[in-house]
Amino acid sequence: MKHNYYIFKSGRLKRKDNTVFLETIDEERKYLPIESIDSLHLFGEIDLNTKLLNYLNSYGIIINFYNYYGYYSGSYYPRKQQVSGYLLVNQVQHYLNKEERLFLAKQFIISGVFHMVRNLRHYENTKEYIETINRELSDIDEVPVIPALMGIEGRIRNVYYSAFNSILKHGFLLNKREKRPPNDPVNVLISFGNSILYSTVLGEIYKTQLDPTVSYLHEPSTRRFSLSLDLSEIFKPLIIDSLIFYTINNKILNLEDFDSKEEICLLSEEGKKKFIKEYEKKLSTTVKHRKLKRSVSYRSFIKLECYKLIKHLIDDELYKPLKAWW
Amino acid sequence: MEFDFQTFKVQGIKVNYYFVCKRKLWLYDKGISMENESDAVLEGKLIHENSYPKAKTREIMIDDLLKVDIIEGDYIKDVKKSSKMRRSDTMQIAYYLFYLKQLGVMKKGTINYVRERKIEKIELTEDLENEIKNALLEINKILDSKKPPRREKLPYCKKCAYYLFCYVEELDNET
Ligand code: SF4
């Protein structure tokens, strides 16, 4: 089994024989066997050198970097072993063709909203929100251009977030979604969770021949790996939001796990660890796939989404996004 | 009409895939391959590396298209784990023999099935040659196609690296 390693300490990471060796400032030493690494997530201040990068490169291991606040700042994305020029050409063609692009962009939103509604259904007092969301969603067929689609998505998201206060317990409230900087605990969790998910999705895209820079819902120039943003739309409500409800309502995370300094709110290292622990648990949770007749983990569902997208792009099978049925 | 070998020749692995699954052939040709960390792949590699440590010539590349395991005297030899994919293995060797014949080299072939300790001999008959020519024409047609051949239910799909890729599908939710 391969693991994601999350490193919170500061120190040095280097190649030592056939392992990755971590030496922290408080002189803790750890060996990570290369075969056991799926990806690395560095939250602390870590020194590393090209020898290590070359080593990770040959195993196709991505390193994700997070800034001081715990938000994604970038990835070391090793050169791919397997590329498909054929697929890339098709990926671009679907971007250039307005209708094709709009079709895919809509699918991502339809799936994302489906999972939002699925979340809300688990709780009482959310009926009105669900109705409003479904009303907004019914206009989606008529939408002629991406910005209009983004408009619908934005309105739906506002309704969805305002429902959070009917769901969250123990004094947690979400007043308004605030991205930069997130200034209250719930906003912090949403941003933090989405950051981690983004890097997970990128890791799954990396394992396929898809080019992560060519996207449909998001403009390919907005962020370096914008396809990762596209696919994250599907999984944010399915994975991250349900985890936020779970960790807060079951008191896994408490208000004490957050620090507010002036205008900035921070999730403590302990808090991050707790959230990531639940996140990893969730990713490895399996569901019996009704078509494949196999147990499939949440992480694999991300990869399957990539596969379906590839099949669509090579004109094999029309893309139908995931709509969690369990 | 004369069969124009130069136009139709492909890598040996593609002849093999053609007889395994036409969809796999197309996907492989387009560079769409699946991550496969399965032990079967690794085992295959080890068998190749350990089976004939003393043979003089191992893994010879011909024209960048054929990778022949061993050439010894009149024989080219291929090493396989088991005879599960007997037909496609046989056709791959037959293709090598046919290819060599085009270069003016006449050989015979053997496949060494390590697990079963069985050796199979292959000679290039006229029938086999025709089968290869047909396959090469078909292969080129398939590779020219804009989309992959539809998946077929084959007995080994479940063990194929493309299984999840081929079979993943969304059913409509009941409402
Ligand atoms: S899963 Fe079956 S149909 Fe798909 S490539 Fe493999 S053998 Fe062919």
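The model is predicted: local features need pLDDT of at least 70 and side-chain atom pairs pLDDT 80 or more, while totals for chains, interfaces and linings use all residues. Residues are numbered from 1 along each chain as its sequence is written, chains are lettered from A and ligands numbered from 1 in the order in which they are written, and side-chain values use heavy atoms, without hydrogens and water.

**Helix α2 of chain A**
- Helix α2(A) has 12 residues (85–96), which should span 16 Å at 1.5 Å a residue, and its end C-alpha atoms agree, being 16 Å apart.
- Its buried residues are A:L87, A:N90, A:Q91 and A:H94 (buried means under 20% relative accessible area, exposed over 50%, with a 1.4 Å probe and protein chains only).
- These residues cover an arc of only 105 degrees around the axis, which places them on the same side of α2(A) (the arc is that of the directions from the helix axis to the C-beta atoms).
- The exposed residues A:V89 and A:L96 lie on the face turned away from the buried side of α2(A).

**Ligand surroundings**
- Around the ligand stand B:C21, B:K24, B:R151, B:E152, B:L154, B:C157, B:C160, B:Y162, B:Y163 and B:C166 (a heavy atom within 4 Å).
- This shell comprises seven nonpolar, no polar and three charged residues, with Tyr and Cys counted as nonpolar.

**Chain B**
- Chain B contains seven helices and five strands (DSSP runs: helices H or I of at least four residues, strands E of at least two).
- Of the 175 residues in chain B, 42% are buried.

Notes: Expected span 1.5 Å × (residues − 1).
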